[in-house]
Amino acid sequence: MAYYNPEPHPPHAASTKVGVLLANLGTPDAPTAKALRPYLNQFLMDRRVVEIPRFIWCWILQGIILWIRPRKSAEKYASIWTKNGSPLMVYARQQKALFETQLAQQLTTPFAVELGMTYGNPSMKSAIESLKAQGCGRILVFPLYPQYAASSTAAVFDAVWRVLLTMRNVPAIRTIKDYHNHPRYIQALASHIQTYWQQHGQPEKLVMSFHGVPKFHAQKGDPYYEQCLATGKLLASALALSGDQYEIAFQSRFGRQEWLQPYLANMLDSLGKQKLKRLDVVCPGFSSDCLETLEEIAMEGKHLFQSAGGGDYHYIPALNAESGWIEAMVTIAMENLQGWDKSAVNQDAMHGSA
Ligand SMILES: C=CC1=C(C)c2cc3[nH]c(cc4nc(cc5[nH]c(cc1n2)c(C)c5CCC(=O)O)C(CCC(=O)O)=C4C)c(C)c3C=C
Ligand SMILES: [Fe+2]
Ligand SMILES: [Fe+2]
């Protein structure tokens, strides 16, 4: 019985060509219930995302959630869908193209870049197989999540390992765990926000909203909460904001468990009731705009704040394809490619082979 997929025989010479796998969550192929069902099924069946014992969770997911949520989520996706597809995918493609061009200016060894999604397409399998087919014997896995969370970053790593489990000739792998406090990331965020304020004026308060996770994840050792707070503080100091000029909140709660607090929805309601004249919200943990920023923050959030009595509300877009962010991505990649940034010729020469 063949447990492992066939490999070229004789094997290629050990290749020092580097593959960079830009990894993100993934998004449905279309804003329809039909496309949402398999996407949500794959996403919500991941133990990293939902830790409820499988025999209970399968019943809830297959028997209730997947009958209701795909239609509701499809309506939300339809409200943000672009003519080129889901925003997350549109920005992921732009990031990849710009990153590839700029990496070429710094990395002298041959390399290839692919996009791989934890859920949906392009799958991690297609990305890794493509890198291998292009001759990459070394792969740097670069999750586009600045803050490490088991439910996002570790889920990327799991998806990568699941593909490697089927391979006989496994490439060398490096992973980037987090960069929540990386000076170039913080600088990219700060100058992006400053530019926004130069064009649109400054708010009374800035809310930094991060995707939530269940509170017990943090209690059991997930460093995500601390990393979000660290990003928030560094960003506030880069923007020279005093303690009363900004707040940190957590969004996108799912299910009935307690999630990280304060909840963004409650905060927007109470800031609206305080009759704030202008509130801006930014989502530093999202490297690109997506359903959770464009629908939940820009649309729903605005409604919550203003219906509670708040004034102007601005959602500051994610870093997306901003040049400062692409430069930060290249810096982070280069730092993690140290020792791999030597050409195949040099390596072979070092080892005395032709
Ligand atoms: C069920 C629990 C969820 C956890 C835990 C979770 C963690 C988590 N998610 C992101 C980033 C994104 N999530 C997105 C969508 C999304 N998230 C959940 C649930 C959990 N996420 C669901 C069910 C969905 C799908 C949409 C819906 O039906 O509500 C997205 C947007 C994807 C898109 O297509 O635009 C992102 C990005 C992080 C970073 C994270 C842990 C820190
Ligand atoms: Fe999520
Ligand atoms: Fe959401």
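Where is the place of Pro-122? Pro-122 sits in the loop between β2 (111-117) and α4 (124-133). The legends below cover this and other sites.

This is a predicted model: local features need pLDDT of at least 70, side-chain atom pairs count only at pLDDT 80 or more, and totals for chains, interfaces and linings use all residues. Residues are numbered from 1 along each chain as its sequence is written, while chains are lettered from A and ligands numbered from 1 in the order in which they are written.

**View 1. The cis peptide bond from Asn-121 to Pro-122.** Omega of this bond is near -10°. Helices (H or I, at least four residues) and strands (E, at least two) are DSSP runs, numbered from the N terminus.

**View 2. The cis peptide bond between Gln-261 and Pro-262.** Here omega is about 0°. Pro-262 belongs to the loop between β6 (246-251) and α9 (264-273).

**View 3. The annotated pair His-211 and Glu-292.** An unreviewed UniProt entry lists both residues under "binding site". The two are spread over 82 residues of sequence, yet they cluster in space, with a largest C-alpha distance of 8.1 Å. UniProt positions are given in the numbering used here, feature names are shortened, and annotations may be inferred rather than shown by experiment.

View 4. His-211 is buried because 26 other C-beta atoms lie within 10 Å. A residue is buried if 20 or more other C-beta atoms lie within 10 Å of its own, exposed if 12 or fewer, and partly exposed in between, with C-beta atoms placed from the backbone. Not counting residues up to four places away in sequence, His-211 touches Gln-251, Ser-252, Gly-285 and Glu-292. Contact requires that the C-beta atoms of two residues, placed from the backbone, lie within 7 Å.

View 5. With residues up to four places away in sequence left out, Glu-292 touches His-211, Gln-251, Ser-252 and Phe-286.

**View 6. Ser-252, a residue with positive phi.** Phi of Ser-252 is about 60°, although the residue is not a glycine. Ser-252 is found in the loop between β6 and α9. With 19 other C-beta atoms within 10 Å, Ser-252 is partly exposed.

**View 7. Ala-240, in the loop between α8 (224-238) and β6.** Ala-240 is a residue other than glycine with a positive phi, near 55°. Ala-240 is exposed, since 9 other C-beta atoms lie within 10 Å.
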